[in-house]
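Reader: Before I rely on the terms used for this model, I would like to see each of them set against its definition.

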Amino acid sequence: MQLKELDLSITDISNKAIEYLISCDFKELQELNISKTKISNKAIKYLSRCQFKQLKKLDISHTLITNGAIKILIECDFKQLERLSLNDNELTDKCIIYLNQCEFKRLSSISLYNTKITHMA
């Protein structure tokens with residue numbers, strides 16, 4: 001299957017379902033939206049193992065992730081990632097430290113509104 005976009009937002013998807021998702025052959029996936037779900041850092045750990053080499057847009061807004069998820073995320077092999085949405089999560093200034101270590105060379109947009117990041121970051 002040559003799936004390019006997968007939108008699972010506003011669903012009851014679980015961390016376990018994300019673990020299953022990474023076993024699927026979605027090598028051409030360019031957009032993944034898992035916003036407004038109850039996934040946590042554990043789901044991001046599963047995503048870090050996937051082979052989404054064409055992923056350009058990742059939306060994990062309005063979830064239960066924390067700074068630890070960002071630390072895991074920046075180690076993913078998402079070389080094509082251009083847009084990252086992290087809105088409405090429990091992220092703090094430490095998140096910015098992790099994002100500054102990010103090596104996503106094509107990343108042009110990070111959305112962080114309604115987080116706990118301060119102007120001191």
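Author: The questions below take the terms one at a time. This is a predicted model, in which local features need pLDDT of at least 70 and side-chain atom pairs count only at pLDDT 80 or more, while totals for chains, interfaces and linings use all residues. Residues are numbered from 1 along each chain as its sequence is written, and side-chain values use heavy atoms, with hydrogens and water left out.

Reader: What makes the radius of gyration of the protein chain agree with a compact globule?

Author: The radius is taken over C-alpha atoms, and the globule rule is 2.2 Å times the number of residues to the power 0.38. For 121 residues a compact globule would have a value near 14 Å, and the protein chain has 13 Å, so the two agree.

Reader: Why is cysteine 102 called buried, and what is cysteine 24 called?

Author: Buried means under 20% relative accessible area, exposed over 50%, and partly exposed in between, with a 1.4 Å probe and protein chains only. Cysteine 102 has 18% and therefore counts as buried, whereas cysteine 24 has 22% and is therefore partly exposed. Buried residues make up 42% of the 121 residues in the protein chain.

Reader: How do you know how many disulfides the structure has?

Author: A disulfide is a pair of cysteine sulfur atoms within 2.5 Å, and a search of the whole structure finds zero. Cysteine 24 is in none, the nearest cysteine sulfur, that of cysteine 50, being 11 Å away. For cysteine 102 the closest cysteine sulfur, in cysteine 76, is 9.7 Å away, which means that it is too far for a bond.
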